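Visitor: I would like to learn how to read a protein model one feature at a time. Please give me the general idea first, then the case at hand.

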Amino acid sequence: MSNYHIKHLEEYFQVYRKSVTNPELFWEEIAEERFLWRKKWDRVLSWDFEKPDIRWYEGAKLNITENCIDRHLLPIGDKTALIWEPNDPSEAAQYLSYRELARRVNKMANILKKLGIRKGDRVCIYLPMIPELAIAVLACARIGAIHSVVFAGFSSVALATRIQDSSCKMLITSDGSYRGNKTIDLKGIADEALKSCPSIENVLLVKRIGSEVQLQSGRDHWLTEFWEEAAEECTPELMEAEDPLFILYTSGSTGKPKGMVHTTAGYMVYTAYTFRNVFQYKDEDIHWCTADIGWITGHSYIVYGPLLNGATTVMFEGVPNYPDFGRFWEIVDKHRVTQFYTAPTAIRSLAKESLDYVNKYSLSSLKILGTVGEPINEEAWHWYNDNIGKGRCPIVDTWWQTETGGILISPIPWSTPNIPTYATLPLPGVQPALLDDEGHELKGNNVQGKLCLKYPWPGIARTIWGDHQRFKDTYFSTFKNMYFTGDGALRNDVGYYRITGRVDDVIIVSGHNLGTAPIEDAINEHPAVAESAIVGFPHDIKGNALYGFVTLKESGESRDHNNLKKEINQTIAEKIGSIAKLDKILFASGLPKTRSGKIMRRILRKIATGDYADLGDISTLLNPEVVEEIIEKSKEV
Ligand code: PRX
């Protein structure tokens, strides 16, 4: 029986039973197997979900980059670690061997040190999907700096909020980025953000698009200034198991984004283990995860998981529809990709185009397909299975979160029989529970409730940067002794899980988590807006789209409503990013409210989906008359 290459369902059940009967022994065995520890742990696990306080492999000392890179140099130094595919297919791809990756990471690490970065300092990375992004992440880890990658599609305000929240000392960015046929002025956005970020002492700039940029003397430096003379060796910083490795921000249903903190040893063991198991990784495989490294999927399954296993990982700078809708499939053939991991929203957007874009390519290298980020609908699942996998590639519908560090519920290829739309079974070591609203665990099968985890796994986030109380309140206070995911799920007659969606005010649009509160805050800053409420509604491609119900101040009422809609979306793009723009906006004289003044989003959600029949009892509302008005107006939006 192997903990890794599980071969059939019975073996999965055996490993699973072992993992929950004695979790510490299980995770100790995994940690013993294939990592370089400078000192072994004194204790595998101590935990208390009340506080919450979770520690894995305490007492151990290590550096994750020795495990991602150095450990592979002797046996497979010339193997390709990273394949970089540019936005434009006419530009050459880059192939970085483990040896070359080591050289570049060490150089970058030495440059960070030269610019004053030390263990524990926070470094914000705001880069497009170019090799320097992965290199910067690893360089931080090399010297014990805590990286905070901010997706390069975020606006200057979003960037500033994240830099301020964790008082980053340095920003690594580029002159600009390519995205399909567009270029984006990243340096300009960064400059705007930095007006309100006094903690930043230095900006390190990567040249990507060759645009003219303004350098602020003493603060801004081109990477090339230091590159040649930087040494190729950099002694890795010795880290404690629970030293923070990175912060990654995720939207909450209320308030500012939450800086999820992941620590070193547990995250390492968990991403390495899940990568190997879920993707059934073999030495000759070429793994491509299409996510951006700005999201957790990219952290765990482009950078850390694959490199910890000595794999070849593909990093793609571009978008699925440039120069045409066949770009993904062209890349699969070009690099002989074996595992292809993407989001349902990408699948849906490609499925609506002609199959000619797919059929031009053989896709014969593919072995396993994956999806992540949101529920996959049955139609998209079948399109993926039939046209991309040609019916011969298992699909792993992987359920997890920024907070979980790695995949928690997923089929294991060739072992777990697939049922479309089901994430199926928990991975070894993962103990899900479904709870009813009163906090009772629903035992047995054929039940539906709120999805929780009742036991820690090594990849779980340890806190929210600077706000442990919020960590406790958000995840550990809804139900006693449980980590609450914020998702609803059902367990069918064979024990398979199907994720039914968020049960809080987070809406997943094109696989991106968007909290309603920050978007409402952004809209409310528009001078003509009095109040707003955002709800999601089903969308063919994005999964969900956003519907904004807005009331205007008197000054707004007299203005052209179409212009106002444009301005509101512009405000959202500036404050958050284009991904949070509203598909529909309805102006009303009021929003339905309870007598205590709470907006009744439940009613707005129904109206947004055109479901007017069963709005429930509205007589208790403070202002039932607005419901009729909103229904009428919604027919025209
Ligand atoms: O609602 C679940 C949904 O995405 C949320 C987590 O989003 P984020 O932290 O951005 O991480 C996304 C990538 C791991 C979850 O709470 N979600 C994620 N994967 C699935 C999913 N919903 C259904 N099926 C999935 N496979």
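This is a predicted model: local features need pLDDT of at least 70, side-chain atom pairs count only at pLDDT 80 or more; totals for chains, interfaces and linings use all residues.

Visitor: Which residues have the most contacts inside the largest nonpolar core?

Guide: In soluble globular proteins, nonpolar side chains tend to be buried together. Here the largest nonpolar core has 124 residues, and Trp27, Trp37, Tyr57, Ile125 and Tyr304 have the most contacts inside it. Helix α5, residues 131-143, gives the most to this core, with 10 residues.

Visitor: What does isoleucine 125 touch?

Guide: Leaving aside residues up to four places away in sequence, isoleucine 125 touches Leu133, Ala136, Val137, Cys140, His147, Ser148, Val149, Val150 and Ile172. There is also a second, separate core of 27 residues, with Ile331, Val332, Ala346 and Ile376 among them.

Visitor: Is alanine 461 buried or exposed?

Guide: Alanine 461 has a relative accessible area of 0%, so this residue is buried. Alanine 461 sits in the loop between β22 (447-453) and β23 (463-464). Its contacts, not counting residues up to four places away in sequence, are Ile54, Met260, Val261, His262, Glu403 and Phe471.

Visitor: Why does aspartate 243 count as buried?

Guide: The cut-off is under 20% relative accessible area. Aspartate 243 counts as buried because its relative accessibility is 16%. This aspartate 243 lies in the loop between β13 (239-240) and β14 (244-250). Beyond residues up to four places away in sequence, aspartate 243 touches Lys119, Thr263 and Thr264.

Visitor: What area is buried between domain 1 and domain 2?

Guide: The size of an interface is often given as the accessible area lost when the parts come together. Domain 1 covers 98-237 and domain 2 covers 506-634. The area buried between domain 1 and domain 2 is about 410 Å², with 61% given by carbon and sulfur atoms. In domain 1, Phe154, Ser155 and Val157 lose the most area to domain 2, together 69% of what that side buries. The centres of the two domains, taken over C-alpha atoms, are 37 Å apart, and each of domain 1 and domain 2 puts 6 residues into the contact.

Visitor: How many salt bridges does the structure hold?

Guide: The structure holds 49 salt bridges. One of them joins aspartate 42 and lysine 39, with the closest N and O atoms 3.2 Å apart. Aspartate 42 is exposed at a relative accessible area of 62%, and lysine 39 is partly exposed at 32%. Another pairs arginine 502 with aspartate 504, at 2.5 Å from N to O. Lysine 635 and glutamate 632 also meet in a salt bridge, at 3.4 Å from N to O. Through shared partners, salt bridges join Glu85, Arg327, Glu330 and Lys334 into one network.

Note on methods:
Residues are numbered from 1 along each chain as its sequence is written. Side-chain values use heavy atoms; hydrogens and water are left out. A nonpolar core is a set of buried Ala, Val, Leu, Ile, Met, Phe, Trp, Tyr and Cys residues joined through side-chain atoms within 4.5 Å. Buried means under 20% relative accessible area, exposed over 50%, partly exposed in between (1.4 Å probe, protein chains only). Helices (H or I, at least four residues) and strands (E, at least two) are DSSP runs, numbered from the N terminus. Contact means heavy atoms within 4.5 Å. Domain bounds come from an automatic or database domain assignment. Buried area is the accessible area (1.4 Å probe) that two parts lose on being put together, summed over both. A salt bridge is a side-chain nitrogen of Lys or Arg within 4 Å of a carboxyl oxygen of Asp or Glu.
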